[in-house]
Amino acid sequence: RPVSRDRVRVAIHVRRGELFVVDSHRMLPNSYYVNAALRISGALETLCIPYQIELHTEVSVQDFVVGPDHHGINNRIDSPVAVNSSMNRLEDFDRIPNLTKRINASAIDCLTDLATADIVLMSKSSFSYLGGILNNGKAVILYHPFRHAPLSSWVRVDGDGRFDEGVFSDRIRRMLERSERLEISETV
């Protein structure tokens, strides 16, 4: 997929899947992503930088029940759990400006989008982490602490989606200067 040269691409990875059933403590709430995305968009608008935000997640296409002996669950639950698409509450994300939803894309397409985005908002997920690593220092990576330590250049995000917007804006400026893309407003 060609990388856009006329606007900054922001990729948000929302990890769900089996987290509705097991290890739910690893699941960040939708409000975390929405708040962080609104801060990202606000900073980009202040810098007069055009942007597109992509939401990457998976949503069940039909209701199903997961039992203790289900593949990958390995008896980590005591009784069956019903899963349905409404659990994702995708409508929560509709407040985010310039949003494109990339729902149920293939893993390789999602990873490619994370690895080529200009800004990545990670989940507490090894998949997100890999996207950040593959980005090879070319993007601004927003990281919420979990079992994998961040790279020194990554911007930490707290539990309610707040991060140091000064550091974020500085990283955006440096990223754009390196890539010789887009003009940053002279008034900033």
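1. From the N terminus on, the order of elements is β-α-β-β-β-β-α-β-α-β-β-α. That gives four helices and eight strands in the chain, where helices (H or I, at least four residues) and strands (E, at least two) are DSSP runs numbered from the N terminus. The model is predicted: local features need pLDDT of at least 70, side-chain atom pairs count only at pLDDT 80 or more, and totals for chains, interfaces and linings use all residues. Residues are numbered from 1 along each chain as its sequence is written, and side-chain values use heavy atoms, with hydrogens and water left out.

2. Of the 188 residues of the chain, 46% count as buried. Buried means under 20% relative accessible area, exposed over 50%, and partly exposed in between (1.4 Å probe, protein chains only). The chain exposes about 9,600 Å², and carbon and sulfur atoms supply 49% of that area; accessible areas come from the Shrake-Rupley method with a 1.4 Å probe, and for residues only the protein chains shown count as cover.

3. Six strands form an open sheet in the order 5-2-1-6-7-8, with parallel pairing. Strand 5 (99–103) and strand 8 (155–156) are at the edges with a single partner strand each, so one side of each has no neighbour in the sheet. Two strands pair if DSSP finds at least two bridges between them.

4. Strand 1 is mostly covered, with six of its six residues buried. In a regular strand the side chains alternate between the two faces of the sheet. Here Val-8, Val-10 and Ile-12 point one way, while Arg-9, Ala-11 and His-13 point the other way. Six bridges join strand 1 to strand 2, and Ile-12 stands opposite Leu-55 of strand 2. Strand 1 is also joined to strand 6, by three bridges; there Ala-11 has Val-120 as its bridge partner. Val-120 in turn has Ile-141 in strand 7 as a bridge partner.

5. Helix 1 (residues 30–46) has 17 residues and reaches 24 Å from its first C-alpha to its last, close to the expected 24 Å; the expected span is 1.5 Å times one less than the number of residues. Its buried residues include Tyr-32, Tyr-33, Ile-40 and Leu-44. Among the elements that cover the buried residues of helix 1 are strand 1 (8–13), strand 2 (51–57) and helix 4 (165–179). Just after helix 1, Cys-48 takes a positive phi of about 60°.

6. A search of the whole structure finds ten salt bridges, a salt bridge being a side-chain nitrogen of Lys or Arg within 4 Å of a carboxyl oxygen of Asp or Glu. Arg-39 forms one with Glu-165, the closest N and O atoms being 2.9 Å apart. This pair links distant parts of the chain, with Arg-39 in helix 1 and Glu-165 in helix 4, 126 residues apart. Arg-39 is partly exposed at 28% relative accessibility, and Glu-165 is partly exposed at 33%.

7. Arg-102 forms a salt bridge with Glu-54, with the closest N and O atoms 3.4 Å apart. Arg-102 lies in strand 5 and Glu-54 in strand 2, so the pair ties together parts 48 residues apart in sequence. Arg-102 is partly exposed at 27% relative accessibility, whereas Glu-54 is buried at 2%. Salt bridges that share partners join Arg-9, Glu-54, Arg-102 and Asp-113 into one network.

Methods
Contact = heavy atoms within 4.5 Å.
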